[in-house]
Amino acid sequence: MSLKSSTRLFRLEPVKAPFTSDSVTNDGTTEDDTTDVPFQDTCASSSASAWYERNLVKVGIDDKATSSASRLYFILGADFLGQLVMALDYYFWLLMVAGEMTNRGINDATNSFFNNTSGRWLYNEYLRFSERQLYFNIHELCYLIAKSVGLPRTDITLITKIAEGGSYRIFEATFRDGLKVIARLPYPCTIPRKYGVASEVATMEFLRIHGIPIPKILDWSSSASNQLGSEYIIMERVSGKELADTWYTMTFKERMAVVKKIVDIEKLLFGIHFPANGSLFFKEFLDPDVKSVDMPKDNSLKDIDRFCIGPSTEYLWWYQKRNELAANRGPWKNSEEVLKAVGEREILWLQRFGEKRYPREPFYREFYGYQKVDPQEQIRYLLDYLKVAPYLVPKPEQLNVSTIRHPDLSPSNIFISDSGDIIGIIDWQNATILPIFLQAKIPKYFQNYGDDDSENFRRLELAKDFVTMTSSDKEIEMERYRRRQVHYFYLGYTGDLNKAHFHAMGEYNFVLRNQLYDTAGRPWEGEDNPPICYSPAEVEECLDRDAKQNGINERMQEVRDFIGINIDGLVLNEEFESAKERARLIKIELAEGADTEELKREFDELWPFQDHEEID
């Protein structure tokens with residue numbers, strides 16, 4: 001007999017062979033096979049033959065071999081031959097599902113199921129391949145997938161490696177009735193171990209409860225110490241197609257409609273209230289000594305009190321031995337704790353692991369006189385950042401609301417129906433709850449920064465000479481137009497539908513605050529990476545000055561409120577005279593605090609609520 005082969009998929013087709021009603025699994029347990037007719041010694045040849053037709057797994061056996069097996073079945077009798085064929089059938093089924101179809105066996109470490117086959121690296125390729133090599137028990141994977149949907153393992157007819165992402169290898173199992181199930185197995189290099197899978201599963205289930213279209217989790221494990229030999233997530237296969245498949249060919253109206261639906265979903269996310277910042281977990285998952293904050297009970301949402309907020313699973317909290325640090329990974333009760341935590345983490349890492357080194361980018365070495373860089377310099381910069389961090393927290397409470405967002409909202413992670421509805425959003429790995437002012441931004445795949453029209457929110461227009469352009473120039477212009485469309489639609493619909501996000505994007509220099517936060521939390525790789533450019537003395541002077549200025553600002557706002565004007569001095573016509581009188585009275589009252597005539601003259605000259613020269 002011959003095995004039909006493919007490097008990526010294994011196909012099974014039903015033929016004939018009796019099984020007992022309970023199939024023995026790898027771990028010695030049994031799975032209830034309620035769909036198979038149990039074998040009996042006295043079964044009629046017709047019923048046995050029908051059973052045989054339904055259940056034998058064909059592995060490329062030619063007609064002659066099949067015919068011979070059928071004749072042998074009736075010559076030797078059902079009892080003996082049934083057990084023999086059952087054993088052979090199970091063997092061939094496992095081989096077909098799990099065997100490497102290029103003459104590599106199911107236990108061969110070079111099997112494509114265990115290795116990266118979707119790309120190459122120009123340098124350090126052996127490291128990248130070894131990081132992604134994951135040897136696991138494929139028989140057990142089939143058992144787990146089948147068990148998760150209540151079907152016998154032998155109903156799986158096809159298992160395919162469908163994708164290799166940055167962190168997961170993804171398999172699709174197809175059953176005889178057409179059902180498809182997804183299994184995601186993280187690479188050995190994927191971090192954080194244990195917490196990553198557990199938090200992603202909890203996040204997906206939590207958001208499903210809140211109406212976000214997310215595939216249902218069928219089974220999962222956050223430990224590799226199991227029969228499979230790997231952490232895993234088994235989930236529903238989302239119907240429909242990836243948005244990425246049609247993203248570049250959509251019409252103007254289709255693209256506008258789908259962006260609106262994306263913003264609608266983000267509005268749901270921004271509307272969820274969290275008591276702290278960090279990552280979501282099931283309460284029972286975290287050990288008692290791990291800090292957490294419980295989600296408050298909500299009678300309108302079932303099982304919401306199963307969840308809690310625990311340590312952040314954001315990648316950088318676990319990168320390059322940062323999992324070994326006694327750092328504050330969360331949960332964090334307020335924005336100041338969040339801002340300080342990243343700086344404190346990097347200082348701890350530098351103190352424990354930092355050594356003099358050349359910059360990671362070789363071309364940087366010239367800038368450092370071809371000398372190794374001392375990590376103490378980066379520690380000094382981070383200490384400066386920690387002094388500034390409390391002043392980066394926005395004062396309006398609405399800008400400090402804890403918010404969750406998708407960590408990689410790209411067209412490849414969004415599934416749409418034929419009618420254009422969003423029916424599934426996948427890949428919630430490393431999702432983190434943070435203050436809204438740190439989350440507020442246009443997603444990478446929907447922004448068009450660097451384009452003047454996009455940044456100034458101008459209406460969309462094709463170039464005036466588009467009709468006379470060459471085909472290649474038209475293609476370039478259409479792509480530019482598409483990028484402007486997406487940016488314009490996203491910003492416009494966010495302004496209309498998700499005002500909390502829109503307000504956070506447009507207020508309080510959020511870009512500068514985010515840059516300081518991101519820079520402070522960036523791993524040191526041998527180059528000077530100051531989040532701010534002040535010396536310690538200048539930082540102290542700046543903070544002192546800022547504190548005094550804030551004190552003045554607060555008092556002046558109190559005066560404006562008393563007078564009844566806005567920051568520009570605007571007041572209603574009918575209130576003008578009374579506001580003028582209130583201004584005169586408060587000026588007299590405040591002037592009484594001046595101890596000398598000189599101070600009184602200075603106060604009178606600097607009084608802001610009078611005619612004065614505008615120099616800016």
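Author: Let me begin with the second largest pocket of this predicted model, where α4 gives the largest share of the lining, three residues.

Reader: And how much space lies in that second largest pocket?

Author: The second largest pocket holds about 850 Å³ of space, and 24 residues line it, with E131, Y315, Y319, Q320 and R360 the closest to its centre. Besides α4 (125-132), the element α8 also gives two or more residues to that lining.

Reader: What does the lining of the second largest pocket have by class?

Author: Its lining has nine nonpolar, seven polar and eight charged residues.

Reader: OK, switching over: what volume does the largest pocket have?

Author: The volume of the largest pocket comes to about 1700 Å³, and its lining is made up of 50 residues.

Reader: Which of those lie nearest the centre of the largest pocket?

Author: Nearest the centre of the largest pocket are H406, P407, D408, L409 and Q429.

Reader: Which elements each supply at least two residues of that lining?

Author: On the strand side, these are β6 (156-164), β7 (168-175), β8 (180-186) and β10 (232-236), while the helices are α8 (335-353), α10 (436-439) and α14 (510-520). The largest share of the lining of this pocket, three residues, comes from β6.

Reader: Then how do the residues of the lining of the largest pocket divide between nonpolar, polar and charged?

Author: For the largest pocket, the lining divides into 23 nonpolar, 13 polar and 14 charged residues.

Methods. Residues are numbered from 1 along each chain as its sequence is written. This is a predicted model: local features need pLDDT of at least 70, side-chain atom pairs count only at pLDDT 80 or more; totals for chains, interfaces and linings use all residues. Side-chain values use heavy atoms; hydrogens and water are left out. On a 1 Å grid over the protein atoms alone, a cavity is a set of points where a 1.4 Å probe fits but cannot get out, and a pocket is an open set with protein on both sides within 12 Å along at least five of seven lines; lining residues have an atom within 4 Å of a point. Grid points are joined across faces, edges and corners, and a volume is the space filled by probe spheres set on the points. Helices (H or I, at least four residues) and strands (E, at least two) are DSSP runs, numbered from the N terminus. Ala, Val, Leu, Ile, Met, Phe, Trp, Tyr, Cys and Pro count as nonpolar, Asp, Glu, Lys and Arg as charged, and the others, Gly among them, as polar.
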